[in-house]
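Reader: Could you take me through one part of this chain closely, with the cut-offs spelled out as you go?

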Amino acid sequence: MNHKISVSNTSETSIKATLNDEQIFLSSGSNVAQLLQLQDIAASSVALVRNGQVLPKSRWKETLCRDGDQFEVFALVAGG
């Protein structure tokens, strides 16, 4: 599956990141919550690691994506 977010305004700066080992392009100024929304990933059912560290869901809206960021998204599984 190829995860590429196109930049709607060509004069806008884009950044390159990886999501689950696949290259993506984001608009400069995008936050982590927007990244997940643009990828159709339900925020309520995942955990996110950014550059090797778990990023708490409470910080997704305030955390801007940066060029070279590496994201890993993990599905949460309930059970016993």
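Author: Strands here are DSSP E runs of at least two residues, and helices are H or I runs of at least four, numbered from the N terminus. The model is predicted, so local features need pLDDT of at least 70 and side-chain atom pairs count only at pLDDT 80 or more, while totals for chains, interfaces and linings use all residues. Residues are numbered from 1 along each chain as its sequence is written, and side-chain values use heavy atoms, with hydrogens and water left out.

Strand 1 (residues 14-19) pairs with strand 2 (residues 22-27) in the antiparallel sense over 6 bridges; pairing requires at least two DSSP bridges between two strands. Ser-14 has Ser-27 in strand 2 as its bridge partner.

Asp-69 belongs to the loop between strand 4 (53-54) and strand 5 (70-75). Leaving aside neighbours within four places in sequence, Asp-69 is in contact with Lys-16, Ala-17 and Thr-18, among others including Arg-50 and Leu-64; contact means heavy atoms within 4.5 Å. The side chains of Asp-69 and Arg-50 also make a polar contact at 3.1 Å (a pair of N or O atoms within 3.5 Å; within protein, one must be able to donate a hydrogen and the other to accept it, and residues adjacent in sequence count only if both atoms are side-chain atoms). Asp-69 is buried, at 3% relative accessible area, where buried means under 20%, exposed over 50% and partly exposed in between, using a 1.4 Å probe and protein chains only.
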